[in-house]
Amino acid sequence: YLDRPQMVTRPSPQRLEIHETHRWGDNLRKNLERVLADNLSQVLNTSQVLIVPHLSPKVDYRLMVEVQQYERVPDDHVVLQAQWSLFKEGEPTPLAGNKTRFVHTLVSDAGMEEVVAAMSLLFARLAEDIAAPLIADR
């Protein structure tokens with residue numbers, strides 16, 4: 001339901017609302033990949049975070065992320081739920097992983113600009129969560 005150019009909100013638990021006039025500036029999946037790589041670069045203080053094809057040259061770590069929920073929900077909240085696993089190259093079991101759920105409370109009657117800003121904050125928190133085991137491993 002998120003893989004579309006229009007923004008989607010959930011005004012009630014049983015209903016999705018597709019906003020025809022509010023659209024993402026780019027393909028959501030590609031944009032989230034780019035933003036996550038940028039956020040991880042900042043948190044880890046490195047320029048070596050890359051988005052690479054599945055079969056790529058030598059890398060130290062591989063990250064798999066599944067965004068399960070990323071939307072405005074009833075009661076003026078924005079939710080990001082994602083499951084991620086971080087693998088050290090060559091290792092079959094994850095070095096770290098988590099199923100994270102972040103919630104940001106909006107002011108009542110917040111507009112789409114405030115919603116997008118809250119979504120951005122939650123995505124930055126995801127990068128911090130993913131980077132934590134790498135920082136601890138230094």
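This is a predicted model: local features need pLDDT of at least 70, side-chain atom pairs count only at pLDDT 80 or more; totals for chains, interfaces and linings use all residues.
## The nonpolar core

The largest nonpolar core contains 30 residues. Within this core, the residues with the most contacts are Tyr70, Val78, Leu80, Met119, Phe123 and Leu126. Two or more residues each are contributed by β1 (6–12), α1 (28–44), β4 (77–88), β5 (96–105) and α2 (112–136). The largest share, eleven residues, belongs to α2.

Apart from neighbours within four places in sequence, Tyr70 is in contact with Tyr1, Leu2, Leu32, Val79, Leu80, Met119, Ser120 and Phe123.

## The β3–β4 hairpin

Strand β3 (residues 61–73) runs antiparallel to β4, and twelve bridges join the two. One of the facing positions is Arg62, which stands opposite Phe87 in β4. Three residues lie between the strands of this hairpin. In the turn, Asp75 has a positive phi of about 65 degrees.

## The helix α2

The length of α2 can be checked by simple reasoning. At 1.5 Å a residue, its 25 residues should span 36 Å, and the end C-alpha atoms are 37 Å apart, so the two values agree. At Ile130 the helix α2 bends by about 30 degrees, and Pro133 follows within four residues.

Which residues of α2 are buried? They are Met112, Val115, Ala118, Met119, Leu122, Phe123, Leu126, Ala127, Ile130, Ala131 and Leu134. The buried residues of α2 pack against the helix α1 and against the strands β1, β2 (15–23), β3, β4 and β5.

How values were computed:
Residues are numbered from 1 along each chain as its sequence is written. Side-chain values use heavy atoms; hydrogens and water are left out. A nonpolar core is a set of buried Ala, Val, Leu, Ile, Met, Phe, Trp, Tyr and Cys residues joined through side-chain atoms within 4.5 Å. Buried means under 20% relative accessible area, exposed over 50%, partly exposed in between (1.4 Å probe, protein chains only). Contact means heavy atoms within 4.5 Å. Two strands pair if DSSP finds at least two bridges between them. The expected span of a helix is 1.5 Å times one less than its number of residues. The bend at a residue is the angle between axes fitted to the seven residues ending there and the seven starting there.
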